Amino acid sequence: MAEEVLEEVLEEDTQKGKFMTFRTGNEYYGISISYVNEIIVMQPITAIPEAEDYIKGLLNLRGKIIPVIDVRVRFEMSQKDYTDRTCIIVINVKSTTIGLIVEEIAEVDTIMDSDIMPPPTLGHKGKEQNKYVYGLAKTGNTVKLLLDPERLIEDAAIDMPGEESQEEEQ
């Protein structure tokens with residue numbers, strides 16, 4: 001029992017400050033590696049009728065059906081054709097597995113809390129301000145926008161029938 005707790009603590013320690021970074025449009029974004037399950041190449045996606053335009057559909061990932069969001073469309077950028085660099089970051093947020101389509105994976109970056117600044121409030125009105133971004137991190141010559149995955153999928157949550165039973169089987 002103590003060994004399992006120790007392994008968990010060590011695993012959390014190795015993930016602390018690590019972010020999966022990716023490019024969408026001209027910007028670089030980061031998501032805490034603790035949310036990331038895996039990165040996969042583009043796969044066939046089954047469209048969902050009448051879904052929001054950024055919800056691209058459903059993906060069968062080794063027998064588990066997961067919803068997929070196009071990050072570019074979610075950020076209200078124009079849609080772009082997928083290329084051989086386009087991939088899907090599979091994340092787990094509040095026991096919901098979801099895929100994020102991104103244009104290009106950059107790297108795993110170590111960003112300490114002290115290097116994260118709150119996003120600026122200029123040019124934003126009301127609650128829409130920094131809807132998905134919780135911080136800015138300067139790494140090398142670039143600024144990366146750090147995303148809050150919970151806010152990113154908040155109003156995109158798709159209730160998947162039987163998801164609870166799938167979680168219990170694993």
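Student: Is K144 buried or exposed, and what is its relative accessible area?

Tutor: Happy to walk through it. This is a predicted model, so local features need pLDDT of at least 70 and side-chain atom pairs count only at pLDDT 80 or more, while totals for chains, interfaces and linings use all residues. Residues are numbered from 1 along each chain as its sequence is written, and side-chain values use heavy atoms, with hydrogens and water left out.

K144 is buried, with a relative accessible area of 3%; buried means under 20% relative accessible area, exposed over 50%, and partly exposed in between (1.4 Å probe, protein chains only). The side chain of K144 has a partner: a salt bridge joins K144 to D109, with 2.9 Å between the closest N and O atoms. The term stands for a side-chain nitrogen of Lys or Arg within 4 Å of a carboxyl oxygen of Asp or Glu. K144 sits in strand 11 (residues 142–147) and D109 in strand 8, so this pair ties together parts that are 35 residues apart in sequence. Here strands (E, at least two residues) and helices (H or I, at least four residues) are DSSP runs, numbered from the N terminus. D109 also counts as buried, at 12% relative accessibility.

Both strands belong to an open sheet of 6 strands in the order 8-1-2-11-10-9, with mixed pairing. Two strands pair if DSSP finds at least two bridges between them. Strand 8 and strand 9 (116–117) are the edges, each pairing on one side only. Strand 9 runs antiparallel to strand 10 (residues 133–139), and the two pair over 2 bridges. In that region, I116 stands opposite A137 of strand 10.

E104 lies in strand 8 and R85 in the loop between helix 2 and strand 6 (87–93), which puts them 19 residues apart. These two are part of a network of salt bridges that links R23, R72, K80, R85, E103 and E104. Since R72 lies in helix 2 (residues 71–74) and E103 in the loop between strand 7 (96–102) and strand 8 (104–110), the pair ties together parts that are 31 residues apart in sequence. R72 and E103 are both buried. Altogether, the structure holds 10 salt bridges.
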